[in-house]
Amino acid sequence: MRFLALLLAGPAAILSAQPLTPAWVEIGPEGAAIARVIVTSADDCPSLVTDGAPLRMSLRQPVPQGLRPVCEATIPATVKSASLNGQALMLPAADPSHIVVIGDTGCRIKGARVQNCNDPAQWPFETISGRASAEKPQLVIHVGDYLYREQKCPTPEFCGGSPSGDIWEAWNADFFQPAAKLLAAAPWIFVRGNHESCGRSWRGWFYYLDPRPFTGTCEDYSPPYVARLGRFEVAVLDTASASDTPDAKQTGAYAAQIASLRVRHAWLVDHHPFWGMKTDMGATQPTPLPTPLGAAWDQAAPKGIDLILSGHTHLFEILSFEHGRPPQVVAGDGGTDMALAIPVSVKGMTIRGVTIAAGETRHEFGYTVLNKVHKGWKLELKNPSSRTLVTCRIEGERVIF
């Protein structure tokens, strides 16, 4: 009735109910296509047009205090076209062959580490979003950490007036507004990061981005799920609570989740790298990341994982290994304050007893593009000007530069 009333009231009423974001499509368990849009009021949920027929969007409930309402609708797999207010929605492609990966995109405002959110050179996420949308991807994967505006801005020339905390205004400033072009450009798979953990911005994560029903409560370890798009499989693992040090309890919990996956040739996407390198302050050599996930992998001994995509370390890494591990991509370079650079080649170093056969790192903002080729995937790392920084091919367990 609300939609009919707006139509009868004329253009002025329709304009007053314009959404606050573009509509986007996200991929859920088994490849379900879920359309969402954020609106001003709980009474403003619109209808999609799918194959020429209306499909009513419903209010996602309960609406958390401090967040604007989001409306959603599951788009049937048989639908060929969908739109909202004239905006064509990008529906999932079976077996996508052109994919963009980004991660760690927000502008850091916490303690002594304050990023210049007003300078696109210092916080380039909106530029990256626009450049990545121009790639016309068939799928976007965000490997987590959306909201970094955790405290009030102490440096007015960098971020004066910036909202902070797990509220709509901060989510809009850090993610929805700068990501608008890319949100509308392709379906998304969202991954939860540690900035969306139960002690941080979990409400916005579970309400706006998690593809499953919203309960109004936080989970430390959400169950994993597999998004299937034709023969293409993406296994999504929630590592928001993962420790940055070894933890036997977490190793067991994550091993059980990894072992539960039933896949044949999947990409495993999560926030924390299973295997990666970092440089500590004052160090001249990098060291392996000591997370529980590498041990969980060894314990679970999973089959059917061809590639791992993660973030968390704020730079780019791609690593392949000599025996029995899929390549690891770290795409934590999407806009937030960068980590220390890795100053030397990592080839020949070992992580959990396995030698790095090939590897490349970059200390520069950017986004990753993966294109399907005859024997695997071509990977390109691009900077905010779309200049290619790294090119390689992924063929099974091998990374070829």
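I take buried to mean under 20% relative accessible area. By that cut-off Glu-72, at 18%, counts as buried. The model I am reading is predicted.

**Entry 1: the Arg-60 and Glu-72 pair**

I started from Glu-72 and looked for its partner. The side chain of Glu-72 meets that of Arg-60 in a salt bridge, 3.4 Å from N to O. Arg-60 is buried too, because its relative accessible area is 3%. I then placed both on the chain. Arg-60 sits in the loop between β5 (58–59) and β6 (70–75), and Glu-72 lies in strand β6. They are 12 residues apart, and the pair links distant parts of the chain.

**Entry 2: other salt bridges**

I counted 19 salt bridges in the structure. I looked up Arg-352 next. Arg-352 bridges to Asp-298, with the closest N and O atoms 2.9 Å apart. Here Arg-352 is in the loop between β22 (350–351) and β23 (354–362), while Asp-298 is in helix α9 (residues 292–300). The separation is 54 residues. Arg-352 counts as partly exposed at 48%. Asp-298 is partly exposed as well, at 38%.

I also checked Glu-395. Its salt bridge goes to Arg-393, with the closest N and O atoms 2.9 Å apart. Glu-395 is buried at 14%, whereas Arg-393 is partly exposed at 37%.

**Entry 3: disulfides**

I searched the whole structure and found four disulfides. Counting bonded cysteines along the chain, I read the pattern as 1-2, 3-4, 5-6, 7-8.

Cys-45 is joined to Cys-71, S to S 2.1 Å. Cys-71 is in strand β6, and Cys-45 is in the loop between β2 (33–38) and β3, 26 residues apart. Both cysteines are buried. The link is left-handed, with -90° about the S-S bond.

Cys-153 and Cys-159 have their sulfur atoms 1.9 Å apart in a disulfide. The torsion about this S-S bond is about 85°, so the disulfide of Cys-153 and Cys-159 is right-handed. Cys-159 is buried at 2%, but Cys-153 is partly exposed at 21%.

For Cys-198 and Cys-218 I noted a disulfide with sulfur atoms 2.0 Å apart. The torsion is about -95°, so the disulfide of Cys-198 and Cys-218 is left-handed. Cys-198 lies in the loop between β13 (188–190) and α7, Cys-218 in the loop between α7 and β14 (225–229). I put Cys-198 at 28%, partly exposed, and Cys-218 at 25%, also partly exposed.

**Entry 4: a four-stranded sheet**

I traced an open sheet in the order β4-β3-β7-β8, with antiparallel pairing. Which strands stand at the edges? I found β4 (53–56) and β8 (87–88) there, each with a single partner strand, so one side of each has no neighbour in the sheet. Strand β3 (residues 47–50) pairs with β4 over four bridges. Thr-50 is opposite Ala-53 in β4.

**Entry 5: nonpolar cores**

The largest nonpolar core has 70 residues. Among those with the most contacts inside it I listed Phe-175, Phe-176, Phe-190 and Tyr-208. Helix α7 (residues 202–209) gives the most to this core, six residues. I looked up Phe-176 beyond its neighbours within four places in sequence; its contacts include Trp-24, Ile-38, Trp-168, Trp-171, Tyr-208 and Leu-209. A second, separate core has 31 residues, including Leu-307, Leu-389, Val-390 and Cys-392. Cys-392 is buried at 2%.

Conventions: Residues are numbered from 1 along each chain as its sequence is written. This is a predicted model: local features need pLDDT of at least 70, side-chain atom pairs count only at pLDDT 80 or more; totals for chains, interfaces and linings use all residues. Side-chain values use heavy atoms; hydrogens and water are left out. A nonpolar core is a set of buried Ala, Val, Leu, Ile, Met, Phe, Trp, Tyr and Cys residues joined through side-chain atoms within 4.5 Å. Buried means under 20% relative accessible area, exposed over 50%, partly exposed in between (1.4 Å probe, protein chains only). Helices (H or I, at least four residues) and strands (E, at least two) are DSSP runs, numbered from the N terminus. Contact means heavy atoms within 4.5 Å. Two strands pair if DSSP finds at least two bridges between them. A salt bridge is a side-chain nitrogen of Lys or Arg within 4 Å of a carboxyl oxygen of Asp or Glu. A disulfide is a pair of cysteine sulfur atoms within 2.5 Å.
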